[in-house]
Amino acid sequence: MLFQEPNALQIRIELAGIEPAVWRRVVVPWNWHLGQLHLVIQAAFNWWNYHLHEFRVGGLSYGDPEQLGEMEYEGGSRSFDENEVRLLDFEHHPGLSFIYLYDFGDHWEHLVTIEKFLTLDPIPRTAACIDGAHARPPEDVGGIGGFESFLAIMADREDPEHRDMRRWCGGHFDPQWFDLTVADKDVRNALKPNVRRRLHQPKSKRRAGERDR
């Protein structure tokens, strides 16, 4: 049997500092660059992609070339073009991990771990989401501390801020929510131009099963 080069990566992305864990598992073509992975992560979590972001890999920082000057001002260190680093340039062994940071204010840190190198037939042209658990925090909620306060207020109908907070988040928020069909569709369309994001979490007819992997 002839050895075949990998053509895809299985990657797990988990938000740091939140319990129970908010995570997604995706498969992406391994010749994609970090800029494309950024769009996949945004789609997998339904982030709105209007804040700064960066990858931190091996002590170096990579980001959007149109935002590099602003990123260097915010972080105080030099950043490089994320579009010039392909996933196949990484070490070819499972377990490699690095950081993806979204929103320098709320500071959503994601641990990105390469789980497997895959050889798929046919060769994948788009990414896919194959698993995940729990809803990501609302945009602009105020980081981990703000998210904890948000959940407490949403759980207490007697809280004086409950009504305004509920209205702010679209009238509904289930921290256990995750819909694989929705996430996979979003990820498959991640690189398409003018992608629309859902402003609020959809109301599900039934609660997705809890998973702790």
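Q: Over how many bridges do strand S1 and strand S7 pair in the antiparallel sense?
A: In this predicted model, local features need pLDDT of at least 70 and side-chain atom pairs count only at pLDDT 80 or more, whereas totals for chains, interfaces and linings use all residues. Residues are numbered from 1 along each chain as its sequence is written, and side-chain values use heavy atoms, with hydrogens and water left out. Strands are DSSP runs (E, at least two residues) numbered from the N terminus, and two of them pair if DSSP finds at least two bridges between them. Strand S1, residues 8–15, lies antiparallel to strand S7, residues 108–118, and the number of bridges joining them is eight.

Q: Which residue in S7 is the bridge partner of Gln10?
A: The antiparallel pairing of S1 with S7 takes in residues 8–15 of S1. For Gln10, the bridge partner in S7 is Lys116.

Q: Which residue in S7 is the bridge partner of Phe98?
A: S7 also pairs in the antiparallel sense with strand S6, residues 97–102, here over six bridges. The partner that Phe98 has in S7 is Val112.

Q: Which residue in the turn between S6 and S7 has a positive phi?
A: S6 and S7 form a hairpin, with five residues between the two strands. A positive phi of about 70 degrees is found in the turn at Asp103.

Q: Which strands stand at the edges of the open sheet?
A: The sheet has eight strands with mixed pairing, in the order S5-S4-S3-S6-S7-S1-S2-S8. Each edge strand has a single partner strand, so one of its sides is left without a neighbour in the sheet, and the two strands placed in this way are S5 (79–81) and S8 (128–133).

Note on methods. Helices (H or I, at least four residues) and strands (E, at least two) are DSSP runs, numbered from the N terminus.
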